[in-house]
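Here's a quick briefing to read alongside the model. Have the sequence and the 3D view open while you go through it.

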Amino acid sequence: MGKISNTINYYFGDSKRFADLFNAVFFQGRMVVEPEALSAESEIYHQPVAEKPEAENSGIRVERVRDVCKKLRTGGVLRILALENQNLVDYAMPFRCMQYDTMEYGKQLNEIRRRNEREGRLNTSAEVFCGLLKKDRIEPVYTLCLYHGEEEWDGPRSLKDMVNFEGKEDIFEKLFNDYPLRLYCLNEAENFEMFHTEVKQLFQALQYRKDRAGLRRLLVSDPAYRHLDKDTLEAMAVLLNMPAVWEKKTSIMSTNGDKEEYDMCQAVREWAEEERQIGRDESRVAIVKNLVRRGDTDEAIMQVVECSREYIANIRKDM
């Protein structure tokens, strides 16, 4: 798993941000999912490679890992909410999400079967056959795919999009049981007012990954970027490819009571000044190289560029 995926998974491992994302995408910002009602759920499923005893690797189970998975308990109902994050377009994503969901259902069924057998609940032939009681129920699963890549999502948005049908008049197509992909494409989003945490500031900033001038205007104009928490600062530094911001985080930190806050506006100003300084240095080096190629003496170059003889010597070595 890459650095970007690790950062996103850690960021949305926080229940408050996780709830904010689901509320914005599924319920247009209404507070349906309460952070306090969320708890950690296993992100790992174990699946056997082979079921037949004679098959090679029989009994060996492989792991399938979700990105983020949580339990939501409201009243007497339990639901499973899961997040898959994508930085690249995956043309098998509807199938992948369906597979994760079915593995979650399979895990629940196995837990129910083990409990029924352990507690001696199975009496009828039908119960013994399937390991379930007529009243047994599994908990519903809801998977959201967050696509935060820069390229347009041109992949399938449902299982049906992956299937080859005969043509427009294929009478079997209407019988097909589709499996839609619940997909949120960040680069298609226009309204971020549905978010009520710093997810809003993160997603807004990511809209300007290819527009540094626009990013600077956003960070300077919106006061919210002067009071970011540490996790949001880290996510922005990684996803915007601005490592210098994270490296110098102590210089932009302040305290508000017992809370640490980070001023991204100040950070981007320092970052812009560093870029300008790099540009000035590169221009200076280019001038020295041109004068050396022209055959000017070190003394003449030192007067034009206002540099040391050692500075010129180091540039000569690289030519």
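Helices (H or I, at least four residues) and strands (E, at least two) are DSSP runs, numbered from the N terminus. This is a predicted model, so to speak of local features takes pLDDT of at least 70 and side-chain atom pairs count only at pLDDT 80 or more, while totals for chains, interfaces and linings use all residues. Residues are numbered from 1 along each chain as its sequence is written, and side-chain values use heavy atoms, with hydrogens and water left out.

**Overall build**

- The chain has 11 helices and 9 strands.
- Its C-alpha trace spans about 100 × 50 × 45 Å along the principal axes.
- The radius of gyration of the chain is 28 Å, whereas a compact globule of 319 residues would come out near 20 Å (taken over C-alpha atoms; the globule rule is 2.2 Å times the number of residues to the power 0.38).
- Buried residues account for 40% of the 319 in the chain; buried means under 20% relative accessible area, exposed over 50%, and partly exposed in between, with a 1.4 Å probe and protein chains only.
- Take the contacts (heavy atoms within 4.5 Å) between residues at least 6 apart in sequence: 60% of them join residues at least 24 apart.

**The largest nonpolar core**

- A nonpolar core here is a set of buried Ala, Val, Leu, Ile, Met, Phe, Trp, Tyr and Cys residues joined through side-chain atoms within 4.5 Å.
- The largest one has 45 residues, and the members touching the most others are Phe12, Leu21, Tyr184, Phe203, Met236 and Met264.
- Helix H2 (residues 15-27) is the top contributor to this core, with 6 residues.
- Leaving aside neighbours within four places in sequence, Leu21 contacts Phe12, Leu83, Leu144, Leu146, Phe195 and Phe203.

**Helix H5, well covered**

- Helix H5 (residues 199-206) is mostly covered, with 8 of its 8 residues buried.

**Salt bridges**

- Side chains of opposite charge can pair when their charged atoms come close.
- The structure holds 18 salt bridges, each a side-chain nitrogen of Lys or Arg within 4 Å of a carboxyl oxygen of Asp or Glu.
- One of them joins Asp229 and Arg17, at 3.4 Å from N to O. This pair links distant parts of the chain, 212 residues apart: Asp229 is in the loop between helix H6 (212-221) and helix H7 (230-239), and Arg17 is in helix H2. Both Asp229 and Arg17 are buried.
- Lys107 bridges to Glu41, with the closest N and O atoms 2.9 Å apart. Lys107 lies in helix H3 (residues 93-118) and Glu41 in the loop between strand E1 (38-40) and strand E2 (44-48), so the pair ties together parts 66 residues apart in sequence.
- Lys107 counts as buried because its relative accessibility is 18%, and Glu41 is buried too, at 13%.
- Lys107 also meets the side chain of Glu104 in a salt bridge (3.6 Å, N to O). Glu104 and Lys107 both lie in helix H3, 3 residues apart, or about one turn of the helix. Glu104 is buried, with 1% relative accessibility.
- Elsewhere, salt bridges that share partners join Arg66, Glu84, Asp90, Arg96 and Asp101 into one network.

**Strand pairing**

- Two strands pair if DSSP finds at least two bridges between them.
- E1 and strand E4 (residues 68-74) run antiparallel and are joined by 3 bridges; Ala40 stands opposite Lys70 in E4.
- E4 also pairs with strand E5 (residues 77-86), antiparallel over 7 bridges, and the bridge partner of Val68 in E5 is Leu83.
- The hairpin of E4 and E5 has 2 residues between the strands, and Gly75 there takes a positive phi near 65°.

**Cysteines**

- How many disulfides are there? The count is 0, with a disulfide taken as a pair of cysteine sulfur atoms within 2.5 Å.
- The sulfur of Cys185 has its closest cysteine sulfur in Cys145, 7.6 Å away, which is too far for a bond.
- Cys185 is buried at 5% relative accessibility, whereas Cys130 is partly exposed at 30%.
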